[in-house]
Amino acid sequence: MGRWQPGARERLAVAAIELFEERGYDATTVADIAVRAGVTERTFFRQYADKREVLFGDPTAYNATFTDAVAAAPAEATPLEAVVAALRAAGGFFEGRHPYARRRTAVITSNAALLEREQIKRVHLTDAIAEALRERGAPAPVAALTAELGTVAFHQAFARWVAADVETDLGALAVQVLGELRAAIA
């Protein structure tokens, strides 16, 4: 390895997605990723617990994007209005990440274990949003249902967003999908 260079985490993520696309997730090793990124395996493990985490990143920061927006919603906002604020904030989190998100989604959908991990991530997000709504005073059943609607809307919007050829406003799309859900039950 040569002299230390900044940006190891980003280089590892790029290397990993390239290798997952070329060889498949299961056929790619941490050693392969480290070599492609120009770092040691030790550096890989300083950045990520395992190769799955290259695709799933920091769930705490991801969930906080939603929960911070719920908490910051005006005091008079209904639980659903607080979730709308969270959906808009999540759109900002993904701004500029469309090309990577498309590639990441293709890798995940081609592997059953990764799909399962993605579903677990979604459940944790739903729980985090529900907790944030309860902290705002929403009754537990209302918080749980509203959080579930929010994550369903976001999941459906994200699928549409990554399928699109060009990046659009994911937050606005998620709010639109939430509106479609509301219209479907009206």
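**View A. Thr-65 is a buried residue, with a relative accessible area of 18%.** Buried here means under 20% relative accessible area, exposed means over 50%, and partly exposed lies in between (1.4 Å probe, protein chains only). The structure is a predicted model, in which local features need pLDDT of at least 70 and side-chain atom pairs count only at pLDDT 80 or more, whereas totals for chains, interfaces and linings use all residues. Residues are numbered from 1 along each chain as its sequence is written, and side-chain values use heavy atoms, with hydrogens and water left out. Thr-65 belongs to helix α5, which covers residues 59-72. Helices (H or I, at least four residues) and strands (E, at least two) are DSSP runs, numbered from the N terminus. When residues up to four places away in sequence are not counted, Thr-65 touches Ala-89, Ala-90 and Phe-93. Such a contact requires heavy atoms within 4.5 Å.

**View B. Pro-79 is a partly exposed residue, at 24% relative accessibility.** Pro-79 is found in helix α6, residues 79-93. Which residues are in contact with Pro-79, leaving aside its neighbours within four places in sequence? They are Leu-133, Ala-138, Val-142 and Thr-146. Ala-37 stands 42 residues from Pro-79 along the chain, and the C-alpha atoms of these two residues are separated by 44 Å.

**View C. The protein chain is assigned two parts, domain 1 (8-54) and domain 2 (60-185).** These bounds come from an automatic or database domain assignment. A distance of 27 Å separates the C-alpha centres of domain 1 and domain 2. Contacts join 10 residues of domain 1 to 7 residues of domain 2. Between them, domain 1 and domain 2 bury about 770 Å², and 57% of this area is on carbon and sulfur atoms. Of the area that domain 1 buries against domain 2, Ile-17, Glu-21 and Tyr-25 supply 54%, more than any other three residues. Buried area is the accessible area (1.4 Å probe) that two parts lose on being put together, summed over both.

**View D. The interface of domain 1 and domain 2 contains 2 salt bridges by the rule used here.** That rule asks for a side-chain nitrogen of Lys or Arg within 4 Å of a carboxyl oxygen of Asp or Glu. Between the two domains, 3 residue pairs are in polar contact, both residues being at pLDDT 80 or more. A polar contact is a pair of N or O atoms within 3.5 Å; within protein, one must be able to donate a hydrogen and the other to accept it, and residues adjacent in sequence count only if both atoms are side-chain atoms. On the side of domain 1 that touches domain 2, the elements giving two or more residues are α1 (8-23) and α4 (51-56). Helix α1 provides the largest share of that side, 5 residues. Sorted by class, this side of domain 1 has 5 nonpolar, no polar and 5 charged residues. In this sorting, Ala, Val, Leu, Ile, Met, Phe, Trp, Tyr, Cys and Pro count as nonpolar, Asp, Glu, Lys and Arg as charged, and the others, Gly among them, as polar.

**View E. Glu-21 and Arg-103 meet through their side chains in a salt bridge (2.7 Å, N to O).** Glu-21 lies in helix α1 and Arg-103 in helix α7 (residues 98-109), so the pair ties together parts that are 82 residues apart in sequence. Glu-21 is partly exposed at 41% relative accessibility, and Arg-103 is partly exposed at 30%. Side chains of opposite charge can pair when their charged atoms come close.

**View F. Arg-117 and Glu-53 form a salt bridge, with their closest N and O atoms 3.2 Å apart.** Because Arg-117 lies in helix α8 (residues 112-135) and Glu-53 in helix α4, this pair ties together parts that are 64 residues apart in sequence. Are the two partners buried or exposed? Arg-117 counts as buried at 16% relative accessibility, and Glu-53 is buried with a relative accessible area of 14%.

**View G. Arg-102 and Asp-165 are joined by a side-chain salt bridge (3.8 Å, N to O).** Arg-102 lies in helix α7 and Asp-165 in the loop between α9 (140-163) and α10 (170-185), so the pair ties together parts that are 63 residues apart in sequence. Arg-102 counts as partly exposed at 32% relative accessibility, whereas Asp-165 counts as exposed at 68%. Elsewhere, salt bridges that share partners join Glu-18, Glu-22 and Arg-36 into one network. The structure holds 10 salt bridges.
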